[in-house]
Amino acid sequence: MKRKQNLVVIGNGMAGARTVEEILARGGSELFRISIFGDEPCGNYNRILLSSILEGTRSEEEVMLNRPAWYADNGIRLNAGVRALRIQRHAKCVLGADGTVEPYDKLIIATGSRPYIPPLHGLQGEDGGGKPGIFGFRSLDDCRRIAEYARGRRRAAVIGGGLLGLECAYALQALGIEAHVIHRSKHLMNHQLDSPAGAILQSLMQKLGMHVHLEKQTTAVLGEERVSGLAFADGPELPCDLVVFASGTTPNTELAVRCGLPVARGIVVDSQLRTADPNVHAVGECVQYRAQVYGLVAPAWEQAKVLAEHLTERDSKAAYHGSKIATRLKVAGVQLASMGEIDPSEERDEVVQFAEPHKGTYKKLVIRSGRLIGAILLGDADRAAGLLSAFDSGARLPEERATLLFHMGARETRGGLDQVPPETQICSCAGIRMGAVLGCIQSGLRSAEAVMETTRAGKACGSCEPALREIVAWACRGSAAQDTFALPGSDGEHRLQEKYGTTVQALAFYKHRVFHCLNPTMQAFIARQEMLFVATADRQGHAHSSFRAGHAGFVKVLDERTIAYPEYRGNGVMSSLGNLAENPHVGLTFLDFQTDRIGLHVNGEARIVEKDELERLLKCRPAEAAVLGGAAVQKPTSADGGSVERWVLVSVADAFIHCAKHIPRMQKVEQEVTWGTDDAAAKNGNYFGSACS
Ligand SMILES: Cc1cc2nc3c(=O)[nH]c(=O)nc-3n(C[C@H](O)[C@H](O)[C@H](O)COP(=O)(O)OP(=O)(O)OC[C@H]3O[C@@H](n4cnc5c(N)ncnc54)[C@H](O)[C@@H]3O)c2cc1C
């Protein structure tokens, strides 16, 4: 039997641990005795989610990817909290700070990078060490120290208006501290956004309460014993209690330099992730491939796969050819996706652009030879998955460019998953495509969790998780496990579902998508409602739900895609208007309490209209008069006597029936209550005729 080789990994971060996982997945435990040096004392965690730790919305436990037991279970020796000090290439061993010596046949350097701290005046404290109040933002330990120091302090400055800086500033603000973002360039996120998008993002950030200072060159950190402010090349000083540097990273290349490996900006590797020494490889942020150093997790994970193919000798042709870059901002409430080239660089480049600054929306495509080479989506990133897929695959774009940016017409909804080609990228961090997700379902997996565990999709930045859950629910159809699923609808609705533990029920509800069957019978159903539930969410995604009641017909059906409901003055429930002004998405649930048979839920875009406008709209639609019982807009009063103030016009985008006999009448849902039914007779009932079977 072949002797197991010693494989040593330096760095237990997102690239190092991931490479080990990929190696194990290819039978690596039969080939290697694996040991890892990790100078952070815990297992491996999802660094991408650090801002949520700082913010306090996730616990440390929640961001762990591999706990210490995982290493033991896989026969891996983890030198946790031990820094590798030297690589001796002639002796083929690594020396640890605690005296550990690990011999290797193959070595992987995955040391990542550290925050770049520019050489400013005043970085040192009185004792010559770092001045108290200065921080980087890279590790769990940084988060703990920042949170501890911020307690009881008033103002923080974050140097760097990129993705990291904005996330950090937002998190600091959540800790109750005034956050100032100091940025050298003319607009925020200047690597990912053009100036109009940067300006919109700035106003969104300001609305979230952050202070943004642009074109500011910091020259010194002020304060004797501890930080008391910042000085700039121009303009007045900014008093502050702490400073976080988020202005770039420096790859950790010192070990490689010391052992004589070629290093430029990062450790130089070839397409097999080999350094100049064929037994020493490198992956992740410490690496430079063709003059490019990447600061994102997707490239690191692509590299991990290629390296694993080579080390396990599974595929000697596997090659890394660089990564296409896409970014999503995770700051609460701000939807942002940016990919590739943000400005045209050749005369033949085509630009498609849409801006609605007062709504915080900006969309831009850069197209070359009919293919997407870059895009920005700000304020509405609904189309991000499709664009990412087009960007990634280099597929030809449709002639009707607007369809890439907007939902065109009511029939084109986010449904139609059966139309999604297998090569569509679902998780850009892990590079998981539609085909791979469907493959998992075909192989018997029945829950989103299981698919995520198997593919690692949704495990990094997490932005694809809702889409992934929707795909799994759709692909499993009736046979999904009773785990919870993300559902159609707004973030706010999802939060409500989570809050009230109704996700499973809602899934049953959403199983019966009937958008294409919004026929006259259903319109009549809506029009004779005496009660509906309205769910909205504010810009931050905080959800609100309340009911509206009135006489039958108080909900107007303008056509099979358009509904209007009144908002009353004087009955204390005029809450949807405020939310809708910020976030024009609404979920409406109609329940027929009389027959206890049917619930209909619609999601749509909402617009607030005055009574006159609604009247005009109704007049243009005489055919609907029958549905409306011949009614133009009366002056309906609510059940408790409030009078109509405004109307909310809803363009229906999605519709679902909940067709159980079991809708509990406004009572607490017990565990045993089964929501939803597959009973065809109950489903069809006499509401929907055969169109809905
Ligand atoms: C707050 C934050 C948010 C982010 N958000 C995103 C995002 O939304 N999307 C995205 O794609 N990327 C994001 N990133 C970047 C992403 O986390 C990195 O690209 C990824 O972690 C790189 O993996 P890595 O293994 O190369 O480096 P790391 O994850 O930093 O791991 C390197 C590890 O090596 C250890 N190490 C270094 N030197 C030694 C030594 N001599 N001995 C032993 N151990 C050593 C380090 O302590 C560290 O644990 C974010 C990063 C941060 C900090």
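**Entry 1: terms first.** Two strands pair if DSSP finds at least two bridges between them. Helices (H or I, at least four residues) and strands (E, at least two) are DSSP runs, numbered from the N terminus. I noted that residues are numbered from 1 along each chain as its sequence is written. I am looking at a predicted model, where local features need pLDDT of at least 70, side-chain atom pairs count only at pLDDT 80 or more, and totals for chains, interfaces and linings use all residues.

**Entry 2: the whole protein.** I found 20 helices and 37 strands in the protein. Of its 693 residues, 45% are buried (20 or more other C-beta atoms, placed from the backbone, lie within 10 Å of the residue's own).

**Entry 3: a parallel sheet.** I looked up an open sheet of five strands with parallel pairing, in the order β5-β2-β1-β9-β21. Which strands stand at the edges? They are β5 (77-80) and β21 (280-282); each has a single partner strand, so one side of each is left without a neighbour in the sheet. From one strand to the next, the twist averages 15°. I then checked β2 and β5, which run parallel and are joined by four bridges. There, phenylalanine 37 stands opposite asparagine 79 in β5. Helix α1 (residues 16-25) packs on this sheet and touches β1 (5-10), β2 and β9 (106-109). Contact here is C-beta atoms, placed from the backbone, within 7 Å. The direction of α1 makes about 165° with that of β2; such angles run from 0 to 180 degrees between N-to-C directions, with axes fitted to C-alpha atoms, for helices over the stretch in contact.

**Entry 4: an antiparallel sheet.** I next found five strands in an open sheet with antiparallel pairing, ordered β23-β24-β27-β26-β25. Its edge strands, β23 (326-328) and β25 (350-356), each pair on one side only. Three bridges join β23 to β24 (residues 336-340), and threonine 327 stands opposite serine 338 in β24. Helix α7 (residues 195-207) packs on the sheet, with its direction at about 25° to that of β27. Helix α10 (residues 384-393) packs on the sheet too, at about 155° to β27.

**Entry 5: around the ligand.** How many residues surround the ligand? I noted 35 (C-beta atom, placed from the backbone, within 6 Å), and the closest are Gly11, Gly13, Ala15, Gly112 and Gly284. The largest share of this shell, three residues, comes from α9. Domain 1 (5-114 + 250-311) and domain 2 (134-247) each give at least three residues to the shell; the bounds come from an automatic or database domain assignment.

Notes:
Contact = placed C-beta atoms within 7 Å. Buried ≥ 20, exposed ≤ 12 C-beta atoms within 10 Å, placed from the backbone.
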